[in-house]
Amino acid sequence: MSIDLDAWEIVVGLEVHTELLTRTKLFSSAINEFGGEPNTHIDPLTLGLPGSLPVLNEQAVELAIRVGLALNCEVQRSVFARKNYFYPDLPKDYQISQFDLPICAEGSLELPNGKVVGIERAHLEEDTGKSTHVGGGGRIHDAQHSLVDYNRAGVPLLEIVGKPDLRSAEDARAYVAELRSILVAVGASDGKLEEGSMRVDCNVSVRRRGDAELGTRCEIKNVNSLRSLGRAIEYEAARQVDLIESGERVRQQTRHWNEDDGRTHTLRTKEEADDYRYFTEPDLVEIDPGPEWIERVRAVLPMLPAARRHRLSTETGVPLERVALVVERGLDELCLAAIAEGADPERTVTHAEHNLSDAKAADLDPAKFAALVQLETGGELTATQAKTVLAEMVETGGAPADIAAAKGFEAMESGELEGIVDGLIAAHPEEWQRYCEGDGKITGFFVGGVMKATGGKADGKAVTALLQARKG
Amino acid sequence: MAERITTEDVTKVANLARLALTPDELETFTGQLAEILEHADDIAALDLAGVEPMARPLPLVNVFRADEPGTPLDRDEVLACAPVSEDGQFRVPPVLGEAP
């Protein structure tokens with residue numbers, strides 16, 4: 001299924017739940033740790049035993065403030081509320097969350113492509129336990145019974161609600177990736193989608209281009225990778241367009257993404273917020289971070305990905321979109337240090353972008369990296385040779401000149417290169433004829449031939465220049 | 001004044017709270033709830049411009065716990081209190097639908 005994007009616009013808003021990296025739970029001293037033997041991270045509050053009372057974990061608030069500031073939010077006085085519903089993974093029969101007064105309000109996030117997405121709010125709440133459905137092949141509707149593990153119940157969550165500002169599956173993926181980088185950078189989350197420490201609910205609607213009103217949305221759950229996020233959005237948008245074009249209407253509901261069949265399925269029609277009978281949590285007092293605490297947190301925030309992209313782009317003159325990957329790999333500091341040592345900015349970023357995907361690349365010595373770039377820009381190594389040497393530098397930490405010498409990489413005498421090129425032209429008159437007639441595809445034939453004859457030592461650019469010169 | 005609460009409203013709320021009410025109880029509680037809500041209307045009728053909203057009567061904010069692990073409960077002891085357990089977990093009847 002694909003949508004006519006000239007006629008239709010996809011509108012996406014994402015709700016991201018992230019588990020906060022505290023040692024203990026949000027309201028009790030049971031440990032917050034992924035996995036573990038079932039029901040070993042439990043205490044009276046986790047199990048909702050009578051008489052147990054919640055006491056707020058200060059570190060969870062600290063992390064929520066960090067995230068709020070990193071997302072340019074207003075960090076404000078906030079209040080906890082009870083959200084009432086019955087489900088076995090929630091032993092208290094209510095979830096402590098925040099409702100009308102969340103800790104963070106009105107922020108924004110900048111995507112690597114420069115688009116800015118609004119953040120409506122971010123609020124603290126507790127996670128639920130984990131149920132496993134037994135029998136019926138694990139399918140919830142056919143299960144014979146369920147088993148419940150409360151290790152996760154009460155783990156601190158921050159729910160970050162984005163505005164419906166996203167207009168494509170690609171931007172939605174970029175948003176989640178960016179949010180993940182920010183959460184990891186400020187130490188709030190380990191950002192693991194696969195382990196569920198970051199979970200994405202996805203609100204999708206469609207409207208005809210030019211319409212001012214938003215269409216009816218569906219919320220999609222069970223999206224556990226960036227890839228499924230993109231697929232789920234595209235599938236769901238196409239489903240809604242089909243409905244509307246065939247004269248039906250989209251009903252507001254929660255749908256479940258099934259990775260295996262690549263479709264979304266009805267889970268339930270959407271509850272009204274009223275049905276949760278939210279009310280102020282009587283067992284907890286307000287949080288009022290106050291300017292002093294907020295400024296203290298702001299002062300120790302690390303430089304965030306967006307600022308790092310702008311810095312690298314400004315200092316190297318390489319466009320924003322190209323430096324995104326370099327920052328994502330955490331190689332921007334290395335590049336800036338190498339440039340400070342005299343390396344050419346453009347070549348430095350290009351290597352980081354294309355030739356430094358190895359995790360060990362971040363440990364490269366900037367001075368050696370700079371020396372390698374200088375060997376290349378000075379004409380002593382070809383681009384291909386520089387790439388080979390760089391890979392070995394990452395592996396062994398060696399100096400570029402030593403590695404180049406050990407591999408027998410030396411700059412070719414230009415006379416030697418000319419001889420090889422002329423020999424190749426003489427041996428292949430038909431191909432040369434085509435080259436002279438402007439057949440661009442044949443260039444590779446000659447460059448490849450020279451590379452073969454020189455064992456890869458020739459500089460591709462020099463060969464192309466020679467060919468041009470011979471053509472006259 | 002807001003519309004008076006109906007027995008239908010109370011039935012719905014009772015259902016959400018998993019309370020089974022007899023017809024007599026339904027009548028009684030509808031009447032009592034209506035009186036409570038009317039009292040809220042009395043307050044709503046006051047001119048409260050310039051009065052700060054109050055979330056709770058205690059003048060307390062920022063009551064925290066340090067992020068330090070305590071002693072967990074013993075799993076076997078806890079599961080012994082459950083009606084049924086299996087593989088270190090609480091066993092519950094099949095659940096229809098996902099959690100909200």
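Buried means under 20% relative accessible area, exposed means over 50%, and partly exposed lies in between. The exercises below use this scale on a predicted model.

**Exercise 1. Classify A:D283 and its salt-bridge partner A:R82 as buried, partly exposed or exposed, and say what the pair connects.**

Step 1. The relative accessible area of A:D283 is 32%, so this residue is partly exposed.
Step 2. A:R82 has 14% relative accessibility and therefore counts as buried.
Step 3. The two side chains meet in a salt bridge, at 3.3 Å from N to O. A:R82 belongs to strand β4 of chain A, while A:D283 sits in the loop between β15 and α4 (290-300), so the pair ties together parts 201 residues apart in sequence.

**Exercise 2. Find the open sheet of 4 strands and give its strand order.**

Step 1. The order is β8(A)-β9(A)-β3(B)-β2(B), with antiparallel pairing.
Step 2. The edge strands are β8 (130-134) of chain A and β2 (85-86) of chain B; each has a single partner strand, so one side of each lacks a neighbour in the sheet.
Step 3. Between β8(A) and β9 (residues 145-149) of chain A there are 5 bridges. A:K130 has A:D149 in β9(A) as its bridge partner.

**Exercise 3. Characterise the interface between chain B and chain A by its area, its residues and its salt bridges.**

Step 1. About 4200 Å² is buried between the two chains, 59% of it on carbon and sulfur atoms.
Step 2. Chain A contributes 57 residues to the contact and chain B contributes 36 residues.
Step 3. The chains share 2 salt bridges. In one, B:R75 and A:E37 have their closest N and O atoms 3.7 Å apart. In another, A:D275 and B:K12 have theirs 3.0 Å apart. A:D275 is in the loop between β14 (263-269) and β15 of chain A and B:K12 is in helix α1 (residues 7-16) of chain B, so this pair joins two chains.
Step 4. A:D275 is buried at 18% relative accessible area, whereas B:K12 is partly exposed at 47%.

**Exercise 4. Determine which residues of helix α7 of chain A are buried, and what they pack against.**

Step 1. In α7 (residues 332-340), the buried residues are A:D332, A:L334, A:C335, A:L336, A:A338 and A:I339.
Step 2. They pack against α5 (305-316), α6 (320-328), α8 (345-354) and α9 (366-377) of chain A.
Step 3. A:D332 has a relative accessible area of 0%. A salt bridge links A:D332 to A:R311, with the closest N and O atoms 3.4 Å apart. A:R311 lies in helix α5 and A:D332 in helix α7, so the pair ties together parts 21 residues apart in sequence.
Step 4. After the helix comes A:G342, with a positive phi near 110°.

Terms used. Residues numbered from 1 in each chain as written. Chains lettered and ligands numbered in written order. Predicted model: local features only at pLDDT ≥ 70, side-chain atom pairs only at ≥ 80, totals over all residues. Heavy atoms only, no water. Buried < 20%, exposed > 50% of the residue type's maximum accessible area, 1.4 Å probe, protein only. Contact = heavy atoms within 4.5 Å. Pairing = 2+ DSSP bridges. Buried area = accessible area lost by both parts, 1.4 Å probe. Salt bridge = Lys/Arg side-chain N within 4 Å of Asp/Glu carboxyl O.
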